Amino acid sequence: MNVKNNRALKNGTTYILLFLTFLLALFLKDGFEHIRFPFLPYEDGRDYFPMYYNHHSIQNIFRFYSGYITIFPNLTAYLATLFPAGIAVHLFVLISNIFAAASFVAVFRAIRYYTKDTIYSVIAIIALVILPLGNIFLVGTIYCLHWSTFTMLFFSVIVPPPESKSSKILLFLVLSLAIWSHPYSVSISLLYLFFIVIKRDVKWNSLLLAVTVLYAVFGIQYGAAHDHTFAQIHRIFFERIIAETWLGPVTRFHSISYGSDIIYYGAITALMLITMAIIYGALRSENKQRYIYILLLSYGLFAFYAISIVTRHLDQSYIYRVNDQRFVYISKICYFCLLVGCLHMLCKRRIHKFMVYASLTLLCIINLNSNFLYSPYPGQGKLFAEFIDYVEHTAQCTPQTPTISLDRGGWSITLDLCRD
């Protein structure tokens, strides 16, 4: 019993240290700018903050938005706006980053479970955090918070639950809310069924499956599927997932915009051949977990991309964007984890691991020119801070001015000065 307690304590300490490291790394991506001067871009400023600031109703937590209920973002906005506006806007950013950091902890836990190598897993997850697979909106907004919770859900599901009963209950509550926050969670039902069939944590997966079925029935308004040509489907996959993971959004964009098609698609072909060789080598290794690891991450890579294709109109213009990673974000994480996990299975000597570490370092260096995606609008935060300060300390409710607005085009913010 003492051995179990010591192991749990050691794991808990490791997770906390990694969580704090990831949170600090996310803040450092733009020099703490987005936490010091939050500017609530897009739906955060136009929808979430005014909705809960103007009419602080708990019923809004269960509202349908874009065709589905998303509890975590709405619950976060509801709780944040319990505080004065000046504090609430910082909480929007802080809590979003907290969930992003927590999702990376879940990814680390999955990599370590299958590799059984803590040091290797730590280096791999640090590289993942450094790489610009996402952007400031994915890690720093309430609107995109459900992408972090979905990442946390998927990578928590593919490993067994914690042994502690209290930890298991807490994780179940968090994952249940995560399920009721993202429509992609319905696709994980097949994984629950898979684990039930192979008799791995049957009760745990049955409960999560039940929660998912309830969300599929009551939490989603289904719409028509979007049509795409095969050329669009495979091109977006290779360019926005495969190439962008290796080269970064900026280098990929410049390569396709100004480079030779022969050279570019030759590079894409080379990257795919490298991927296939790594996976093939892992399948021939002696690691007994290799089949499940490759199967689960391959499912995540292809299934989540397929859902994005079916539910979103990702036309040719999506290829020529540097930003807007959300629809391929989780697939890119699955692809990265698939590669580092398979590479570990091929490591027979210490020198092989050092080669992997050197490759990850080189990968991070190649991607440095895309780091601006985490600070795309310098100066906007200070302007927004002045607006919030004016609302809190100067603006007054009058019959002539019951509301006040900050003009930001289609993403303008309107606050009610006469709210109760």
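Begin by selecting helix H4 (residues 71–80) together with helix H5: the two pack at an angle of about 145°, and their axes lie 9 Å apart. Helices (H or I, at least four residues) and strands (E, at least two) are DSSP runs, numbered from the N terminus. Axes are lines fitted to C-alpha atoms, for helices over the stretch in contact, and angles run from 0 to 180 degrees between N-to-C directions. H4 passes H5 in a right-handed crossing, a term that applies if the near helix is turned clockwise from the far one by less than a right angle, anticlockwise being left-handed. To see the contact (heavy atoms within 4.5 Å), display Phe-72, Thr-76, Ala-77 and Ala-80 of H4 with Ala-88, Leu-91, Phe-92, Ile-95 and Phe-99 of H5.

The model on the screen is predicted: local features need pLDDT of at least 70, and side-chain atom pairs count only at pLDDT 80 or more, while totals for chains, interfaces and linings use all residues. Residues are numbered from 1 along each chain as its sequence is written, and side-chain values use heavy atoms, with hydrogens and water left out.

**The nonpolar core**

Next, select Phe-49, Phe-155, Ile-158 and Phe-304, the residues with the most contacts inside the largest nonpolar core, which has 134 residues. Such a core is a set of buried Ala, Val, Leu, Ile, Met, Phe, Trp, Tyr and Cys residues joined through side-chain atoms within 4.5 Å. Buried means under 20% relative accessible area, exposed over 50%, and partly exposed in between (1.4 Å probe, protein chains only). Helix H5 (residues 85–115) gives this core its largest share, 18 residues.

Centre the view on Phe-304. Leaving aside residues up to four places away in sequence, Phe-304 touches Phe-150, Phe-154, Tyr-184, Ser-187, Ile-188, Tyr-299, Ile-330, Ser-331 and Cys-334.

**Helices H8 and H16**

Now show helix H8 (residues 145–157) and helix H16 (residues 326–346), which pack at an angle of about 30° with their axes 10 Å apart. Their crossing is right-handed. From H8, Trp-147, Phe-150, Thr-151, Phe-154 and Phe-155 meet Arg-326, Phe-327, Tyr-329, Ile-330, Ile-333, Cys-334 and Cys-337 of H16.

Remain at Cys-334, which is buried, with a relative accessible area of 0%. Its sulfur is 6.8 Å from the closest cysteine sulfur, in Cys-337, too far for a bond. Cys-364 is in no disulfide either, the nearest cysteine sulfur, that of Cys-337, being 13 Å away. Cys-364 counts as buried at 12% relative accessibility.

Cys-397 lies in the loop between helix H18 (380–393) and strand S3 (403–406), and Cys-418 in the segment after strand S4 (413–416), so the pair ties together parts that are 21 residues apart in sequence. The torsion about the S-S bond is about 90°, so the disulfide is right-handed. Cys-397 is partly exposed at 41% relative accessible area, and Cys-418 is partly exposed at 31%.

Select Ala-231 in helix H12 (residues 230–247). Ala-231 is partly exposed, with a relative accessible area of 44%. Its C-alpha atom is separated by 9.5 Å from that of Gln-316, 85 residues apart along the chain.

Finish at helix H13 (residues 249–258), where Pro-249, Val-250, Arg-252, Phe-253 and Ile-256 are buried. Looking down the axis of H13, the buried residues fall within an arc of 165° (taken from the directions from the helix axis to the C-beta atoms), so they line one face of the helix.

Methods:
Disulfide = S-S within 2.5 Å.
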